Amino acid sequence: MISMGEEYRHIGKSTPRKDARAIVTGSARYIDDVKLPGMLYGKVLRSPYPHARIKNIDTAKAEAYPGVKAVLTYKNVPGWMGGVPYHRPVLDSTVRFVGDAVALVAAETGESAEEALELIEVEYEQLPAVYDMEEAARPGAPQLHERIPNNIFPRGFRAIGEKALQEIVMGDVDKGFKEADFVTEGTCSYENIPNPLPPEPPGVIATWEDPEHLTIYTASQSAAMNRNFGQPLLGLIDIRVIGTQCGGSYGTKNANMIPMVHAAALAKAVGMPVKVYFSKEEHFNAYSLRLGSRIHARVGIKKDGTVTALAGEWFVDTGAASEMAQVQVAVGCGEAQLALRCSNWNLQPQLVCTNRSPSGVVRGFGGQELKSSLLPLMAIAMEEAGLDPLEFFKKNYVKPGDGYYWRDGLWWDYRGIDFSRAMQKGAEVFGWKDKWKGWGKPTAVKGNKRIGVGVGVHGNADIGEDESEAYVKLNPDGRVVLHACVSESGMGERSAVCKMVAEVLNLPLDRVEITAPDTMVNPFEFGLVGSRGTYTVGSAVIEAAEDAKRKLFDLAAPVLGAKPEDLETKDGKIYVRGKEEGAIPWRKAMGISRTLTGQGRFETDFSLCNCMMIFAEVEVDIETGKAELLRVVAATDCGQIIDPLVLEGQLHGSLGSAGIDTALFEETVLDRDTGHIMNCNMIDYKWRTFIDLPQFQNVILETPIPSHRFKAIGVGEVAPAPGPSAVLMAISNAIGKRIMDYPATPDKILKALDRI
Amino acid sequence: MKTNRDEGGASQGAATAEKNISLTVNGKRHQLMVGKDINPDHTLAYTLRETLGYTGTKIACDHGSCGACTVLMDGEAVLSCTMLTMECNGKNITTIEGLENRETGKLHPLQQAFIDYTAFQCGFCTPGILLSAKALLDKNPSPTEEEIKQELAGHYCRCGSHYLVIKAILSLAGKGR
């Protein structure tokens with residue numbers, strides 16, 4: 001790690017996470033550790049067919065089963081509609097993927113509920129299914145939704161703006177292609193539809209206080225988002241959301257709408273709290289896969305690495321429903337412009353539904369999908385032009401003075417830093433200069449083994465997306481409570497924002513506590529997405545702490561006979577600058593029967609972005625076709641590190657959570673005859689073990705970034721996104737053949753080598 | 001890590017229907033009546049969490065393939081979701097709640113090392129990893145990095161905390177607990 005940040009009391013230092021003791025002693029409470037009095041257990045009957053109409057459903061035996069309190073089918077569920085645009089009822093008379101919900105049961109025990117599911121008699125009429133996105137978009141294909149004609153989703157999503165970005169169109173591509181020295185063309189598929197698969201399955205407890213007030217306990221990455229998205233879905237009733245410790249999310253447990261509506265519908269039917277907690281099998285079969293992505297595109301490029309034109313079609317497969325895939329398309333389109341400076345674009349996305357378990361929100365959020373399929377097409381152009389990809393990315397990544405259309409469809413002038421220094425530093429640590437031998441050329445050959453290197457880049461301007469608010473409450477005893485609706489799914493953000501408050505108020509860390517992620521006691525929060533926490537929540541929290549400090553000094557000034565602007569505070573005492581010996585405790589200024597509350601708010605700002613570059617070194621055995629990841633260097637510049645160890649961990653996280661390893665072995669294997677997922681367990685679904693770890697180095701620069709007081713931005717969400725294309729490039733260089741279809745499993749490698 | 005298949009058959013230590021099961025968890029003895037407190041199909045993981053309230057034991061896959069439910073049984077790391085409670089009569093179990101010193105309340109050095117190295121992110125796999133690490137250090141107080149990786153091979157960590165977990169354990173290697 002390379003660091004050059006400012007010296008602070010807490011910021012930039014590794015400090016124990018606030019929940020560390022709870023985690024290592026087992027007292028941290030995850031969703032399945034929460035039991036409410038009288039709570040029932042909800043289970044879901046799931047479809048065995050990829051596409052079918054329910055002709056008849058008989059629940060009489062299930063209803064009569066001991067312990068069963070409610071059985072719901074499409075006939076008696078509330079009429080809430082989810083999806084974008086609305087197309088996903090709580091339950092439907094048509095099922096659209098293997099694992100789709102058919103009926104819900106609430107019972108006194110999970111066992112009774114499961115046994116009752118088996119007593120529900122369903123007569124299905126099977127319908128033709130479609131699994132390939134381009135086939136699905138053709139005339140005559142089986143139709144999934146009446147509301148989604150031709151299986152192509154309407155563009156846009158009003159929630160992100162009337163002009164929501166749904167394509168990249170600018171300049172004149174015909175002119176751009178004429179200006180090019182080389183024009184290349186190709187297709188690349190990133191259609192593994194991997195499962196981010198947090199260890200903890202999704203789960204929700206719902207309980208109705210009265211018909212207008214629903215309380216939700218949820219293992220969520222962004223507790224407040226469940227309220228923000230849940231309210232319109234459930235008819236604008238009041239929803240109080242309480243977040244539990246979350247056992248991993250990687251985007252997927254932001255707004256747990258499906259388990260939430262199932263639990264809420266059952267709880268409404270029985271008038272009791274109901275928990276819906278997925279089994280791992282359900283987690284595999286019916287929860288948030290990554291989007292499928294396929295691009296056919298032409299690229300115009302000059303010898304000096306200038307991209308003159310980019311035109312093509314981007315097919316995006318969201319499975320049987322769109323949670324908010326239109327926003328993922330929009331953000332992906334924005335992010336493509338960050339990495340590829342180009343004046344002439346015409347990239348046309350087609351968002352398509354198919355008969356498989358729906359995609360959802362996943363770390364990388366459209367951008368990883370687009371980059372993983374677009375960068376290999378850029379590689380063809382770079383190869384044709386004889387360009388080193390490192391130099392190409394350094395030249396073409398967004399720089400001050402450039403701009404881009406962001407997800408809101410508006411043009412944003414970039415006011416951040418030049419990330420090429422971080423890229424260069426990463427290259428030096430990786431040894432790029434020595435290892436890069438040119439396109440299609442291995443770095444080294446040892447018997448059957450070929451070593452190859454690759455590099456990818458990605459970044460996101462969503463680091464400043466949406467709104468955050470915070471209150472900072474000072475108590476006269478020198479203790480502080482931060483009210484901010486911040487969840488904990490692994491990023492350490494609850495601790496990070498406490499550090500910021502402690503820094504502004506110059507307090508020991510243990511004097512600052514943060515409220516539980518509970519929407520009733522906290523002001524507005526959007527959620528921890530798009531690496532936004534550091535900049536957005538951080539800004540709100542800093543402003544609230546500064547506001548509280550101002551109020552404190554206003555009270556202290558007359559007591560100390562000084563002007564407020566001449567005051568300082570440290571460890572719960574106030575003094576006139578330079579005269580620490582005359583310090584008075586906060587209570588002397590506040591009195592003992594008062595609290596002071598400062599307020600802070602952050603408003604959307606897309607004029608800054610982050611950047612992550614990943615260098616990968618692989619070894620391919622050309623006899624067996626097996627590719628192994630030997631080494632990863634992750635390079636970034638985050639302005640100012642908040643906590644070095646937390647950041648290290650986030651960047652190491654680029655391997656899993658459907659990240660780098662989707663180039664090598666991670667995939668959801670869908671049987672395209674039956675619609676069944678073939679590897680829906682943790683043995684057949686491949687994941688990296690402790691034994692298979694590559695060498696991993698993080699290169700983290702700290703060039704001050706004009707975000708807030710601490711000049712920091714977040715980078716966690718984007719960490720995996722440049723990885724898959726970097727690994728694919730490394731494999732292609734190792735074997736001297738292009739692979740344009742993820743993951744590069746041994747069969748594809750041997751096929752590329754003409755060995756099978 | 002051991003599974004029930006290593007235990008020399010299901011009959012060994014199994015209770016008959018009319019018998020109670022005796023289980024010592026973190027030094028405390030529990031008598032469980034079959035048919036009342038537990039059912040024959042309850043796994044040890046289920047009994048620990050749902051019947052006895054040791055919810056620090058995590059269930060993720062519930063099929064013996066992710067390591068989250070690891071507890072110590074007579075000092076050995078075992079997958080508690082693959083064992084029936086009926087097979088555990090007379091066994092001595094340590095869960096994550098029992099890792100700290102019972103008298104002083106002081107954290108086990110491994111727990112402290114995990115805190116110092118922030119060797120977790122979401123923390124869901126942490127209890128299982130800590131218990132496997134304890135079993136390893138009890139047998140081999142100075143493991144190499146390779147030995148640590150081997151011991152933890154069955155633990156699924158999705159956040160990418162592997163590297164800091166290894167550092168945390170290595171920081172204790174050779175310190176003679």
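Into which domains is chain B divided? Chain B has domain 1 (4-97) and domain 2 (109-170), with bounds that come from an automatic or database domain assignment. Before going on, a word on the model: it is predicted, so local features need pLDDT of at least 70, side-chain atom pairs count only at pLDDT 80 or more, and totals for chains, interfaces and linings use all residues. Residues are numbered from 1 along each chain as its sequence is written, and chains are lettered from A and ligands numbered from 1 in the order in which they are written.

Staying with chain B, the C-alpha centres of domain 1 of chain B and domain 2 of chain B lie 23 Å apart. Between them, 16 residues of domain 1 of chain B are in contact with 13 residues of domain 2 of chain B; contact means C-beta atoms, placed from the backbone, within 7 Å. On the domain 1 side, β3 (70-73) and β4 (76-79) of chain B each supply at least two residues, and β3(B) gives the most, with three residues. Helices here are DSSP runs of H or I with at least four residues, strands are runs of E with at least two, and both are numbered from the N terminus. That domain 1 side divides into eight nonpolar, six polar and two charged residues. In this scheme Ala, Val, Leu, Ile, Met, Phe, Trp, Tyr, Cys and Pro count as nonpolar, Asp, Glu, Lys and Arg as charged, and the others, Gly among them, as polar.

Next, the contact between the chains. It takes 41 residues from chain B and 44 residues from chain A. On the chain B side, α2 (109-116), α3 (126-139), α4 (145-151) and α5 (162-170) each supply at least two residues. By class, that side has 21 nonpolar, 15 polar and five charged residues.

The largest nonpolar core has 319 residues. A nonpolar core is a set of buried Ala, Val, Leu, Ile, Met, Phe, Trp, Tyr and Cys residues joined through C-beta atoms within 7 Å. Buried means 20 or more other C-beta atoms within 10 Å of a residue's own, exposed means 12 or fewer, and partly exposed is in between, with C-beta atoms placed from the backbone. The residues with the most contacts inside this core are A:Val501, A:Val541 and A:Ile731. Helix α15 (residues 533-560) of chain A gives the most to this core, with twelve residues.

Setting aside neighbours within four places in sequence, A:Ile731 touches residues including A:Gly452, A:Val618, A:Val620 and A:Ile749. A:Ile735 lies in helix α18 (residues 723-735) of chain A. Why does A:Ile735 count as buried? Because A:Ile735 has 23 C-beta neighbours inside 10 Å.

On to a sheet in chain A. Five strands form an open sheet in the order β20-β21-β29-β30-β31, with mixed pairing; strands pair if DSSP finds at least two bridges between them. β20 (444-446) and β31 (695-701) of chain A stand at the edges with a single partner strand each, so one side of each is left without a neighbour in the sheet. From one strand to the next, the twist averages 20 degrees. Angles run from 0 to 180 degrees between N-to-C directions, and axes are lines fitted to C-alpha atoms, for helices over the stretch in contact. Strand β30 (residues 627-637) of chain A runs parallel to β31(A), joined by seven bridges, and A:Thr636 stands opposite A:Ile700 in β31(A). Packed on the sheet is helix α12 (residues 420-430) of chain A, which touches β29 (612-621), β30 and β31 of chain A, its direction making about 145 degrees with that of β30(A).

Elsewhere in chain A, strand β22 (residues 468-474) pairs antiparallel with strand β23 (residues 480-483) over four bridges. A:Lys473 has A:Val481 in β23(A) as its bridge partner. Five residues lie between the strands of this hairpin, where A:Gly478 takes a positive phi near 85 degrees. β23(A) also pairs with strand β24 (residues 512-514) of chain A, in the parallel sense over three bridges.

Last, helix α6 (residues 223-233) of chain A is mostly covered, with nine of its eleven residues buried. Among the buried ones are A:Met225, A:Arg227 and A:Phe229. The cover includes β4 (81-82), β12 (213-218), β13 (238-243) and α7 (257-270) of chain A. After α6(A) comes A:Gly235, with a positive phi near 80 degrees.

How values were computed. Contact = placed C-beta atoms within 7 Å.
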